[in-house]
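Here is a brief report for a reader meeting this structure for the first time. Please look over the sequence and the model before reading on.

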Amino acid sequence: MATPDTPSDAAAPPAVPYGTPDAPRIAVRGEAHLEVDPEIARIGITVQARGRDRRGTLDDLTRRNATVLDLVKSCGDAVERLETGVFSIAPEPARHGRSERVRTYHGSVHLIAELTDFTALGELTTRLADLDLTGVDGPWWALRPDSPAHRQARQQAVRAAVQRAREYAEALGTTLTALVELADSGADGAPAHPPAGRMRSLSYAAATEDAAAPLDLEPRRQHVHAEVDARFTMAPPSL
């Protein structure tokens, strides 16, 4: 005996993936490209120490690391984040002979600082570069993940999709009737640490007697891209 259809089965309309003559479907893509000022800048700081004695090398590294931390923290609210990354101290064996005699010890600490005040950034990089055995790398310019620029780009992409669909409908002498689907087809912005975002690379090993003038760092404009795919139905055109 055949089982009667359930109410849900009877009410379900047939799937029509490409529209019908009575409800033609339009599929369009909307895109937006913005160029905005960066919101944050990151720099990498490498502190090093060398010596023939392990304990002395470690003490020098600890002292220089503390100096760098104090210097970065002295920028106050301009520093949004400060993180310590890789730490290492390793012996360098003597070049000749098979003994385990150590020629020297090498120590290093890597830090990442994230700043929002780009005037303070120029001053900080110069002062860091004046320190003994301290290298500065960067800056990398970026937007925050929740930057309003991302939302603005997405909204513009949606408006562009609607406008394009309307233009197609107008070309056929008809109008849009409903939005069927809207899909985000791409990611916004760029990676947080893109190699291409590096403006300058600084590496200084010795301090100077006089304080150096602050570096004039020009922020790199950020490109934000958003893309959506949209599908609409329209009133049947008169062809």
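## Ground rules

This is a predicted model, in which local features need pLDDT of at least 70, side-chain atom pairs count only at pLDDT 80 or more, and totals for chains, interfaces and linings use all residues. Residues are numbered from 1 along each chain as its sequence is written, and side-chain values use heavy atoms, with hydrogens and water left out.

Helices (H or I, at least four residues) and strands (E, at least two) are DSSP runs, numbered from the N terminus. Buried means under 20% relative accessible area, exposed means over 50%, and partly exposed lies in between (1.4 Å probe, protein chains only).

## Salt bridges

Side chains of opposite charge can pair when their charged atoms come close. A salt bridge here is a side-chain nitrogen of Lys or Arg within 4 Å of a carboxyl oxygen of Asp or Glu. The whole structure holds eleven of them.

One of these joins Arg42 to Glu114, at 2.8 Å from N to O. Arg42 sits in strand 3 (residues 40-51) and Glu114 in strand 5 (residues 102-115), so the bridge ties together parts 72 residues apart in sequence. Arg42 is buried, at 8% relative accessible area. Glu114 is buried too, at 5%.

Glu114 also meets Arg81 in a salt bridge, at 3.1 Å from N to O. This pair links distant parts of the chain: Arg81 is in strand 4 (residues 79-93), 33 residues from Glu114 in strand 5. Arg81 is partly exposed, at 37% relative accessibility. A network of salt bridges links Arg42, Arg81, Glu83 and Glu114.

Another bridge pairs Asp60 with Arg63, at 3.3 Å from N to O. Both belong to helix 2 (residues 54-73); they are three residues apart, so about one helical turn separates them. Asp60 is partly exposed, at 25% relative accessibility. Arg63 is partly exposed, at 47%.

## The aromatic pair

Rings of Phe, Tyr and Trp (its six-membered ring) pair if their centres lie within 6.5 Å; planes under 30 degrees apart count as stacked, over 60 as edge-to-face and the rest as tilted. By this rule there is one aromatic pair. Phe118 and Trp141 form it, edge-to-face, with 5.0 Å between centres and 80 degrees between planes. Phe118 lies in helix 3 (residues 118-129) and Trp141 in strand 6 (residues 134-142), so the pair ties together parts 23 residues apart in sequence. Trp141 is buried, with a relative accessible area of 1%.

## Around Ala49

Ala49 belongs to strand 3. Ala49 is buried, at 1% relative accessible area. Contact means heavy atoms within 4.5 Å. Leaving out residues up to four places away in sequence, Ala49 touches Thr57, Asp60, Leu61, Arg64, Tyr105, His106, Gly107 and Leu133. Ala49 and Tyr105 are 56 residues apart along the chain, yet their C-alpha atoms are separated by 8.1 Å.

## Nonpolar cores

In soluble globular proteins, nonpolar side chains tend to be buried together. A nonpolar core is a set of buried Ala, Val, Leu, Ile, Met, Phe, Trp, Tyr and Cys residues joined through side-chain atoms within 4.5 Å. The largest has 22 residues, and Ile43, Ile45, Val72, Leu121 and Leu128 have the most contacts inside it. Strand 3, helix 2, strand 5, helix 3 and strand 6 each give two or more residues to this core.

Neighbours within four places in sequence aside, Leu121 is in contact with Ala41, Ile43, Leu115, Pro139, Trp141 and Leu217. Another core, of 18 residues, lies apart from the largest one; among its members are Ile26, Val36, Ala149 and Ala161.
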